[in-house]
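Trainee: Could you walk me through this structure, one feature at a time?
Mentor: Gladly; let us look at it together.

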Amino acid sequence: MSTFSMFRRPATIALALTSSIAIMACNPAPTPQPAATVTGVTVTATPATIKVNETTTVKAVATGTNSPAQTFTFKSSNDAVATVTAAGLVTGKSVGTADITATSTVNTTKFAVITIKVEAADTTPGLTTAKVNFQTAAATTPVGYTANTGAAYTAASMTGWVTEASAGTATPVPLDLTNNARNRVVDGTNVVAGGDARQYTQIQMQCGSPTTGNTCNAPATNDPGAFEYKVVNGKYNVTVSVGDADKRNLNSSHTINVEGTNAISKFVPTLAGQFKSATVMVTVADGKLTIDAKGGQNTKLNYVDIVPAN
Ligand SMILES: [Ca+2]
Ligand SMILES: [Ca+2]
């Protein structure tokens with residue numbers, strides 16, 4: 001390949017000279033530009049260690065004579081670990097190492113290699129404040145909130161519902177409570193306008209009650225559920241709200257425990273007070289903030305605010 005280039009290049013120069021001579025006919029002779037040469041390439045990357053889905057830029061420099069063009073091609077030895085763009089932008093794809101080669105376009109025999117190490121992505125969110133509104137998928141999500149529409153807990157989402165019985169254990173069992181999401185539409189009589197937008201929607205945590213045999217109207221999931229939210233271990237101020245905006249639904253005994261600390265105990269709503277909220281400070285040591293309704297009956301969770309406590 002390099003032999004081929006050596007023969008080919010003088011031919012290119014000869015062609016260029018021919019066309020220059022044609023133009024020279026009525027112009028003074030220009031000073032010939034000596035060809036640039038590349039004698040070496042260096043390459044750096046800061047940082048050279050990244051996590052999956054993170055990026056870093058490989059910077060290459062060509063040294064030589066007559067100010068060679070700083071143009072390169074980039075290639076990864078393992079695209080499954082790290083890819084590289086034509087501009088040298090490297091993206092971590094999976095754990096491992098990949099050699100990124102930068103080759104001068106002026107002299108393709110000159111190149112440099114840098115090893116990029118890719119580490120596992122940080123799977124624990126650097127939690128600042130989490131505000132979750134429990135609602136149907138169709139309902140409008142209040143400003144500043146993330147919607148939870150009853151989706152089961154997954155490792156990827158790091159949030160969601162599990163069975164009440166397994167909540168807080170090392171291996172909680174995911175539970176889909178999408179059927180138990182409610183949106184109370186204002187009808188002027190049973191549901192009146194002007195309330196807290198977060199409280200017009202809810203997830204019914206305990207449609208089925210082992211003690212009363214209570215069941216929700218279909219569609220419903222009658223297996224009691226609890227909410228898990230993956231966090232960095234530490235102290236949190238957690239605000240929860242329970243209740244139902246529909247005045248016909250006063251048959252609950254709402255109970256909420258946050259990481260085992262009781263926040264709301266057997267709150268029975270009335271026409272004068274359909275909702276109750278409370279804030280508790282809890283310490284999470286198992287990597288997941290757990291919100292359950294153990295001790296309650298047909299508890300309906302409106303929203304939760306999770307704020308790191310200093
Ligand atoms: Ca809500
Ligand atoms: Ca927990």
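This is a predicted model: local features need pLDDT of at least 70, side-chain atom pairs count only at pLDDT 80 or more; totals for chains, interfaces and linings use all residues.

Mentor: Residues are numbered from 1 along each chain as its sequence is written.

Trainee: How many helices and strands does the protein have?
Mentor: Helices (H or I, at least four residues) and strands (E, at least two) are DSSP runs, numbered from the N terminus. Here there are one helix and 20 strands.

Trainee: What is the order of the strands in the five-strand sheet?
Mentor: Two strands pair if DSSP finds at least two bridges between them. The order is β11-β14-β19-β16-β17, an open sheet with antiparallel pairing. Its edge strands are β11 and β17 (261-267), each pairing on one side only. From one strand to the next, the twist averages 20° (axes are lines fitted to C-alpha atoms, and angles run from 0 to 180 degrees between N-to-C directions).

Trainee: Which residue stands opposite T159?
Mentor: That is Y229 in β14. β11 and β14 (residues 225-230) are antiparallel partners over five bridges. Further along, β16 (residues 254-258) and β19 (residues 288-292) pair over two bridges, with N257 opposite D292.

Trainee: Why is β11 described as largely enclosed?
Mentor: A residue is buried if 20 or more other C-beta atoms lie within 10 Å of its own, exposed if 12 or fewer, and partly exposed in between, with C-beta atoms placed from the backbone. Four of the five residues of β11 (residues 159-163) are buried, so the rest of the structure largely encloses this strand. In the protein, buried residues make up 32% of the 310 residues.

Trainee: Which residues touch the most other members of the largest nonpolar core?
Mentor: A nonpolar core is a set of buried Ala, Val, Leu, Ile, Met, Phe, Trp, Tyr and Cys residues joined through C-beta atoms within 7 Å. This one has 33 residues, and V238, V240, I256, L289, I291 and I306 touch the most other members. Two residues are in contact if their C-beta atoms lie within 7 Å. Beyond its neighbours within four places in sequence, I306 has contacts including Y229, V238 and L289. A second, separate core of 17 residues includes V90 and F111.

Trainee: Where are the edges of the four-strand sheet?
Mentor: The open, antiparallel sheet runs β1-β3-β6-β5. β1 (37-45) and β5 (82-84) are at the edges, each with a single partner strand, so one side of each has no neighbour in the sheet.

Terms used:
Chains are lettered from A and ligands numbered from 1 in the order in which they are written.
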